[in-house]
Amino acid sequence: MADIASTLPAENTLGQGLSRGRLALIFVAVAVVMTIARYLGVLPEALFRLPESMIPPFAIWLDAIFNFIKDDLGLIAVTRWLTEGLQWLLDVTANLLFGKRRWPNIGPIPWTAIAAVAGVIGYYLGGWRMALLGAGTFMWTALIGQWKIAMETMSVLVVAAPLAFVIGITLGILAWKKPWVDRALKPILSVLQTLPFFTYLLPAVIFFKVGPTAGAVATTIYAIPPMILMTTLGLQKVSPEVVEAGNMSGCTKWQLLRHVYIPSARTEILVGVNQVIMLCLAMVVLTAFIGMPGLGAKLLAMMGSFKLGRSFEIGVTIVLLAVMLDRMSKAWVVKQPEHFEKGTPWWKRHAMLLIGVGLFVFFVILSRFVPEAQELGRKQNFSQGKEIDTLIKAFLNIDAVKATTGFLRAFLNVQVLIPFRNFLLSIPTPALILLVTAFALWLGGRKQAILAALFFSLVALSGWWDRSVITLYSVLSAVALAALIGLPIAILAARSDKWSKRVLLVCDTAQTFPSFVYLIPAIMLFGITDIAVIFSILIFAMVPLVRYTIEGLRTVPSEMTEAADMSGATRMQKLFSVQLPLALPVMAVGFNQAIMFAFFMVIIAAFIGTQDLGQELQRTLAGTDMGKNFVLGICVSLMALTFDMTLLKWANDQKKALGLE
Amino acid sequence: MTADTVISCKNVWKVFGNNPEAYLKQMPKGHSFDEIRADGYIAGVKDVSIEVTRGEMLVIMGLSGSGKSTLVRCFSRLHDITGGTIEVEGQDIMSLSERELIELRRNKMGMVFQSFGLLPHRTVLDNVAFPLEMRGQDKHERRARALEVIKLVGLEGREEYFPRELSGGQQQRVGIARSLAIEPDIWFLDEPFSALDPLIRREMQDEFLRLQELLGKTIVFITHDFDEALRLADRIAIMKDGAVEQCDTPDQIVLNPATEYVRKFTEEIDKARVVHAGVLADASLKGSGAAVDAGASVQDLARLLVQDKRKIIPVEAGGKLVGGMERAGALEVLLGSD
């Protein structure tokens, strides 16, 4: 980090003539003095940790506010009313997809029909390979015996994703039209994006009943922000001439929006749709924590009872679904309309639609006569859960593997992680706040520093300081380890076109996996331990880190590397003096994302058993303790926001200073 | 203003910045472009008065940033002006309600854009039919009309193509077809050929002249290319820093530049190609012998001017004598006066 700071543009000076770096250094010095004083036992207890008596009862206040809104203002009546409508929709999809006995009572749609339609859609969007992916995913799901739970998940997804799309695009248009909406939404969106998902879940449960409705609501809310952002972005990018052409064609305002703006922003809007779908899938799996049945719940149960084989199979299903949905929606983004030759008959123009409908009808009829085409029974599937289980356990029992994981576990725990954690915990609260402030001041600026101090002070005031510090410790150590492993990989990969492409493809694919899936290998390798938590965060956070590093290095303008070559730089000199400095702003964005991902994952990992905020958060889910839930969630959000604004500010400053924008 | 004036603008200002109306009110008279900029405002159009008569082609030209695009957008009220008045067919367009403005555009105005402004998700046919669709014409009628204009611009057989499947020249033909679909009285073209490469540009100019001969619209044409302006214009308005420096026929601009800027602008031009015998003819002179046509350029008459021994050559237009042209003066134009 010291290296980064030294490349800062001309030091901004503060009012008193103190440079930013100087002031930050003073903060650090004060923090060090305080910590030493603590070690020497001369620091008064009140300066080490805020005394209990000084912690305001935020949770109780918040509860009072919530109750006021919920009961006295009657919000609960509104949401219960909404629940009815949502419940009705979910019942329809549930009936169609897995035959829940509700109106319209025509389901379930046979798996063969769904797989066939997925294949046709895949072919339409991306040719044979996509068709194979579409049909294959559903065939795997059916054959492995997970059709019903997968459809339980899908039945929520197909309601939540369109809902998030409609709300997102509407708010996006409003934010684009009315600057005040934009101003009001911006801070809410950034908090929403850093709020741990457990914080979405409890209000959803309280306002929308346990089960699919709450799951759908939490999922929808979680997926809205990127849709808003992409819509606004797309509309702003529409070329002014196209708009003028619309105006000169005599468009009314509505016609302009409907026929000119929205179609011209198609690409961005569809990218938004892709993100909505992926976030919905990630979230709908997580709603297992509030008792939503489906793939997530099954995975949770299997992992809880350490059935690795079945966990693995469910993991594969989730990953396949994710990859399929991602690839198809991305293919849709780039799909451009092609013209038909004049005089093409009607049936040829709509060939794909006809084939799709035809196959669907065919399989529906077929399943009347062939029960296997309708549903695979319990004994008919090809699940190899037990066998895989034995295989994995046997593999883990090989001495070499056991020794490696055992060593890693022992070494990391005893030598690195626990000392680091204890060290962080031993720093007096004000000293840590000062350190964070110094960090924000150094990299960001005065505004960032003030906000950082404010945010962390609020965390201290929340009364959950120790748990917050443990959360921070998990995040920092996982990201540090991820950087240690990821950066060399990325730097090596960036050296050749071929490897960059391959590694980027892996990262792109890995990024579509719902976060929950990352727990599977962690638990497999390290069991239910602290290391598994760190490991799952580590691999989750490594993805953006590697990706942005490669992108940063690859986008260094070629004339600069050529200039370095012609100056006779060795490869190392070129890397350290030219490529890395120029790639740093982009890499910082990667670091930032890695930290955000880590904050997200650390909360999920609470499921393995941690002592951080996530654990407490998860506990609140069992009750109706909304105040506490919110306080905990905000603690996570505030810490994440501090990093977010500081790193992004630095990256932007640096980009400007280097003239990369 | 005569009955044949289609667009008439008087002291039109378009100022960009915070609260430009208030600024313009208190601004001292005769403030220059740079002085206005020092105050934090940009004068996009600066005190312009100009008239466009029916059936004429007015070419507005100037360097980029001179305000020509802004001026034409004021004519169609894509920009609201800050001061002055613009009347289109006798109607003050700033007084129009949104509904009336939309009606005006739907029935009277067509516009062609530099980078085409085509809707990427619509076929050629649907792009051309777009203005008709907006005004609610029924499907068959608009299809028939769209096919008609597509044929007119020579894109028959490409109706089903999407814009990105066409070359730049073809895309601009779609833009032209779209602007003509509603049969506008007034046709605005904002650097329509600037984004095309030189060969295609020439071809499109020919095409454009053919269309104009056929349709006889009132045209406001923007360009930064002087050659293009000379080829097409009835009158040329040269703009600089938002103001019109001179607005006159090509001959007059070349022969009598009003300002130093215009003189510099026209310096490189081969005057012999621009100046016509009719302009050089003096009604008080007669001359003798065979007459030359008023529409012939000095360049066309080069051989005759050099070989002829007469002092004064008679000039006729449509078979009627309009005056005499001094051979020495014409030779001066041909050989350059300095």
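Mentor: The model is predicted, so local features need pLDDT of at least 70, side-chain atom pairs count only at pLDDT 80 or more, and totals for chains, interfaces and linings use all residues. Residues are numbered from 1 along each chain as its sequence is written, while chains are lettered from A and ligands numbered from 1 in the order in which they are written.

Trainee: How many helices and strands has chain A?

Mentor: Chain A has 31 helices and zero strands. These are DSSP runs, numbered from the N terminus: helices are H or I with at least four residues, strands are E with at least two.

Trainee: What describes two packed helices?

Mentor: The angle between their axes and the distance between the axes. Take H22 (residues 446-461) and H31 (residues 626-658) of chain A: the angle is about 165 degrees, and the axes are 9 Å apart. Axes are lines fitted to C-alpha atoms, for helices over the stretch in contact, and angles run from 0 to 180 degrees between N-to-C directions. That angle makes H22(A) roughly antiparallel to H31(A) (under 35 degrees is roughly parallel, over 145 roughly antiparallel, 65 to 115 roughly perpendicular, the rest oblique).

Trainee: Which residues of H22(A) and H31(A) meet?

Mentor: Among them are Leu451(A) and Phe455(A) in H22(A), and Leu638(A) and Met645(A) in H31(A). Contact means C-beta atoms, placed from the backbone, within 7 Å. The residues of this contact divide into 11 nonpolar, three polar and one charged. Ala, Val, Leu, Ile, Met, Phe, Trp, Tyr, Cys and Pro count as nonpolar, Asp, Glu, Lys and Arg as charged, and the others, Gly among them, as polar.

Trainee: How many residues does each chain give to the contact of chains A and B?

Mentor: Chain A gives 20 residues and chain B gives 24. On the side of chain A, H11 (240-248) and H12 (253-264) each give two or more residues. The largest share, six residues, comes from H11(A). By class, this side has eight nonpolar, eight polar and four charged residues.

Trainee: How do strands of a sheet pair?

Mentor: Through backbone hydrogen bonds, either parallel or antiparallel. Chain B has an open sheet of three strands, in the order S11-S12-S13, with mixed pairing. Two strands pair if DSSP finds at least two bridges between them. S11 (292-293) and S13 (320-326) of chain B stand at the edges, each with a single partner strand, so one side of each has no neighbour in the sheet. S11(B) runs parallel to S12(B) (residues 312-317), joined by two bridges. Val292(B) has Val315(B) as its bridge partner in S12(B).

How values were computed
Contact = placed C-beta atoms within 7 Å.
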